[in-house]
Amino acid sequence: MINLYQPKTVIIKNIKIQTKENKLFTLQFKNKKDQQKFFFTAGQFVEIGIFGFGEAPFAICSSSLNESDFFQICVRKIGQLTEKIHSLKIGDEIQIRGPYGNGFPEIKNPINLLLIGGGIGLVPLRSIIQTIKQDNKNKIILFYGAKNYNELLFKDEYKQWQKFLDLRIILEKPNLKWKGRVGLITALFNEINILQAMSHKPQVFLCGPPIMYKFVIQKLKELKIPNKNIFLSLERRMHCGIGICQHCAIDSKYVCKDGPVFNYGKIKNSVFAF
Amino acid sequence: MIQSQLQKFIAYLQKQKYSVFGPFEEDGIIKIKQVINSKKFKLLGKLSFYSFKKFFLPQKEILFNFEKNHLIKNKEISKKQALFGMSIFDLKALILYNNIFEKDFFYQQRRKNTLVIGQSIMLSDEKVFKNWEEKYEEDVLEHLRFDIFLGITNHPTSQVCWPFFLEHNELKSQKIKYKIFTGTIIGQKILDEFGYKDYEHIQFTGPIKEEGVSLEMIKIKNAMKKKYKAEIWEELGKKCIECGKCSLVCPTCFCFDINDQMILGKNKGQREQCWTSCFYQEFSEIAGGYKFLNSAAKKIYNWYYHKFVRIPEEYNLSGCTECGRCIKVCPAGIDIRKVLESIKTL
């Protein structure tokens, strides 16, 4: 019997500064076999730990299908552990467990996908973007809302993304460097007729703060997008990652095990979900 | 088996390198302590203040040690322990642990090294006892996991409901006789080797009774699922002071944190799994400080939801053993019996 909580070692292969608070870490298992065995789907997460600083869950933001010899996480500096992670350098070691959770559902072909990310909610959605192959038949729209210009993630990748998806960014606060839209993410629904832009009702994947879900889902309901098409990723405190410790329980489900991605219809009446 | 034989049996177990633990009465409180002198030990037939939870799930479990960047496995294998006097309520909780921690290395190690010796609790309700004794073996014991069980035979006993609140019979322990049941081959073997043959073996038939899950449990579950906004949670929220005592004494409260503990001044430490309570402030807190369980009403609803909905849906078992310990310790006077009655009428 194995110790469920024993992590494996990964090595930092690259660090890319995204914003003042966010860094993108490229990680590779120290043991080659561990790297080969490591397969995940978009939306799954790992428990990242540093000895002496504890562990916390992080969404993986790369694609297992297209980049199998490494994986990436984007870390926002917000507490003791993440501050420590931010202080690390290329070649340093991190401990990981996982991947855990279910990830986003299979994307149906032909692809009709509306991705909606708020703030660091873009991180798990990037995993989907990295997975999708460029194909003219695909119809993908990405709504991305952030507070400030300085908080925009993956800035240098937008050009590449725009080759195969319709990227619409909106910032809550105006900025001299920003010539784009200003407002809340829901404003994006007013400028494009989603149902016309897509040949049939799209699958919608959301990730963002609870408050965003409330207003975005209202918009989706106005468009008569059925619950079965809507999937959202929830954030919770997690300790074990495997559905035992109870921190992430909502109703009779565990965000770590049955989520973090849930079909909206399955949790919409939950007292604990939003 | 009589009291003096029981004491000899304990001495025998100690010779077999078991650390023996059992209930003792001190200042009117039943505490579970290590039996040092077997001649002084007597089973009281009373429910202990704390459950036996910590003997299976200790307050702190070292998952591994580390020094700088190196992980050092925790090779400390738990020692042999014999737990005397687990009540059927504690045994019900044990069934639940076995399910929840079925893949947990540390729990399984500890469970394997533990000899479980149950006892019936003596209560004064003779009427109930008569119905109950006849069905005892098939209705109660065959659904529990134990190695040996000591059924007190010569006194009115009853464990039907909420034992803390029925008056205990005063009795002279020398006169108690125990009927001995075994639940495992290990239990049989130990008794055989000790030289005691007069036991009856109970075949475990699974945790659920033939007639299935109790209708009572289903009723509570359904009512809980439908009615969050019922006033009852708001009312309880006003009473509850979020101290977490109920989760400390509850045999089925097993929530835990995983934290790192450093040894002061040294570059080493350990990762620990430790008890927590869903009533504590940081239980549902995420990065940035937001808490999902952000009111006493939500916390208490979550506590009841876990026991009466989540556990039943996950394991088809009740998450409450009906021991009544939480009623005893609640400083706000919240009585689970009354709460359940109100839930049923929702």
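**Notebook: domains, chain contact and a helix pair**

I looked up the domain centres of chain A first: domain 1 and domain 2 lie 25 Å apart, taken over C-alpha atoms. The bounds, from an automatic or database domain assignment, are 8-100 for domain 1 and 112-233 for domain 2.

I noted that this is a predicted model, in which local features need pLDDT of at least 70 and side-chain atom pairs count only at pLDDT 80 or more, while totals for chains, interfaces and linings use all residues. Residues are numbered from 1 along each chain as its sequence is written, and chains are lettered from A and ligands numbered from 1 in the order in which they are written.

I then examined the contact between these domains of chain A, counting residues whose C-beta atoms, placed from the backbone, lie within 7 Å. Domain 1 gives 15 residues and domain 2 gives 13.

I turned to the contact between the chains, to which chain B gives 34 residues and chain A 27. On the chain B side, the elements giving two or more residues include β3 (60-67) and α10 (296-315).

I finally inspected α8 (residues 231-239) of chain B against α10(B): their axes, lines fitted to C-alpha atoms over the stretch in contact, come within 7 Å and cross at roughly 110°. I therefore recorded α8(B) as roughly perpendicular to α10(B), a term that covers 65 to 115 degrees. In this contact, Trp233(B), Glu234(B), Leu236(B) and Gly237(B) of α8(B) meet Ala296(B), Ala297(B), Ile300(B) and Tyr301(B) of α10(B).

Definitions and conventions
Contact = placed C-beta atoms within 7 Å. Helix = DSSP H or I, 4+ residues; strand = E, 2+ residues; numbered from the N terminus. Axes fitted to C-alpha atoms, helices over the stretch in contact; angles between N-to-C directions. Parallel < 35°, antiparallel > 145°, perpendicular 65-115°, else oblique.
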